[in-house]
Amino acid sequence: MTAAADPPGEPGRETLDELTALLAGGRPEMRAELAAFFAGPEFDDPDLGGTDFGGTEPCGTEPVRTATATATARAYARLETVNRFVHPARELLGDLHRLTALHEWAAITDGTLFAIMTSHYNLVLTGLLRQAARHPDLDPVVAELEDLRAVGVFMASELGYGNNLVALETEARYDPETREFVLHTPRPRARKYMPNTTLNGVPKLAVVLARTFVGDRECGIMPFLVRLTDGHRAAPGVRIVPLPPKPVLALDNAVTTFDRVRVGLDALLADERDRIAADGTLDGLLRDKIARFLGSIENIEGSKICLTAGSLAMSRAALTIAVRYAGQRRTFAPGRGQVVLADYRTHHTALIEQLAATYAMGFLFDDTRDAMARLRASGLPMDEATIRQAAISKALTSWNTRRVLEVCRERCGAQGLFSVNRIMDYVVVNHGVITAEGDNEVIMIKAGRQLLDEPDAVLAGADPEAGPAADGETDPETAPGRDPATDPAADPAAGPGVPAAGTGRWWLRLLGRRALGMRQDILAALRTGEHSGGSVFETWNGQVEQVRQLAETCGRRSAAAALFAAAERAADPTARGVLEDLAEVYTLRCVEETIGWFVGHGMLGPKEATGLELRRVRLHSALAGRLPLLTAAFAIPDAVLRSPLASDDYLQAYEDRLTTDTPGTAADPAGPEPRPAATAAPLAARAGR
């Protein structure tokens, strides 16, 4: 790259290695091993990474269905390849760092594979392993899933119920005479919606959430193991209707209905099966129903971290592609003839902003993953704080990735529209992440509601994290007479640890003050609504947007703090300085996007607002020449990206494809021999075993 803002001298190898190690969470060798695996020929896409551009089939419904079926079969075949690589899967599931990294590379390579993996490993096999530890009779089923003689699917959502799973209507009624449960879909809105259950040669085992009845008591939502298909036929009483194709995500989605399907008592994947086996009864107390429901969705909470990993990886991949392209694509420049795109301030500024946010999301993800790993290692269940942290991380990361993909697509021009350059495909896959395992909007409202009851330190962070004022000087902004209720630098409880005004950590502390102020405003409004005689819903509905924003503000503050903390861990001074600058860029963006709130609450005036913008400009100039370094630290090989724009010479990459014989060229008017369709035959062949 020949960016005008290149800093004097190129950063040394030590700087790149330091950034790469920090981004890899201390396990760069493991990540490199997985990258080499996904660079293998099994993951070459004939429509993306082959010698031609594909897309020669005529338009129409049947060709679309055929192409989708081919992509679906290819994804299941790749799942077999992955499963052989990680076997036994229980070891993978016991290493959260490796599990999330596996999902990162899968998301970059094949979005359909990424989605199937998440369901099979996280939503089904993880829970079965936990149950099998107490009920060894489940060991054969675990072995079947580990060997991939069947694929696990998780069936929670219904046509009428998605985020409000506590209201779902699929029934499981206990028959004491046969010691079986009878699963039934009582009405159309209770049909199970969207899991990948279509008959396509792949046997399917499902974990089905159902409202459970024992005797005359409704006992809450509980999970049941149900054998849906042998790959070719649905089980008796199971009706499966495929859903129409989706763009990019070639999942074999379907609507599934149960007509009095009988399963044994041992199909109940909960400890309550022992109580029922002993005396045929089960209580229906509310507290027990709540506990059973939370136990049923525990795997959903754990799965969020793998979805977050995939979304983060797509963001990094898109930025790698866009930055490499920006360093090669030439355009006009007044007085200079031609320059590369990255020389233009409007171009590199947009990429710097997205890089800063993606780095922040990455270190927030690391903190969340590490917290979950510690809990798993201790054998303790997920606590409310960790569940909330995982939800906030998933929502903020996938929302940020949506923004990153939009910017990168636009900065790549027409090239960014084609699947061969990945970005548009990532848009669709990331939208799946936004919705899966709890819609972002809903889980953030829930997180915000919980934060209303948390201590100040949870919302605003501990002041010692902000560090001392620069060079140990006394901050003039803490002079007497300032109001701690509105002035972020005047809180007497903060003591000497208040950062110097205008520094990155000062702006970080400002985000914490916003969180505290927002909570104060929300609680005051809720009290006013309660006293005014309005309905509970009207009062809550009037503040629900502010509650969501509270969770977003707390999450952003945590992400910025994680990036500042990563800078402090860097031993290389150049790496430390770059990370400090990125942390400040991200923090300033968070403040700038809600600057009206800060001005309205007296925390900022015109002078501070002007200074914020000037500081952002200076940071952008300082980081402009670091774009290649920042994306190189993601360590995503060209062989995994398989994108012409990510090549060292994108023009030559296109030339290599264009000069290779393709269908309809003079060299071969008939086109090449048809490619053999990918197939899931090995899985299907084992269906009867």
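At what angle do helix H10 and helix H13 pack, and how far apart are their axes?

I worked from a predicted model, in which local features need pLDDT of at least 70, side-chain atom pairs count only at pLDDT 80 or more, and totals for chains, interfaces and linings use all residues. Residues are numbered from 1 along each chain as its sequence is written, and side-chain values use heavy atoms, with hydrogens and water left out.

Entry 1, the helix pair. I looked up H10 (residues 298–326) and H13 (residues 423–435): they pack at about 160 degrees, axes 10 Å apart. Helices here are DSSP runs of H or I, at least four residues, numbered from the N terminus. Axes are lines fitted to C-alpha atoms over the stretch in contact, and angles run from 0 to 180 degrees between N-to-C directions. I therefore noted H10 and H13 as roughly antiparallel (angles over 145 degrees). From H10, the contact (heavy atoms within 4.5 Å) takes in Leu307, Ser311, Met314, Ala317, Ala318 and Ile321. H13 brings Ile423, Tyr426, Val429, Asn430 and Val433.

I found His620 in helix H21 (residues 606–623). His620 counts as buried because its relative accessibility is 5% (buried is under 20% relative accessible area, 1.4 Å probe, protein chains only). Leaving aside residues up to four places away in sequence, His620 touches His348, Thr349, Ile352, Glu353 and Val585.

Conventions. Helices (H or I, at least four residues) and strands (E, at least two) are DSSP runs, numbered from the N terminus. Buried means under 20% relative accessible area, exposed over 50%, partly exposed in between (1.4 Å probe, protein chains only). Angles under 35 degrees count as roughly parallel, over 145 as roughly antiparallel, 65 to 115 as roughly perpendicular and the rest as oblique.
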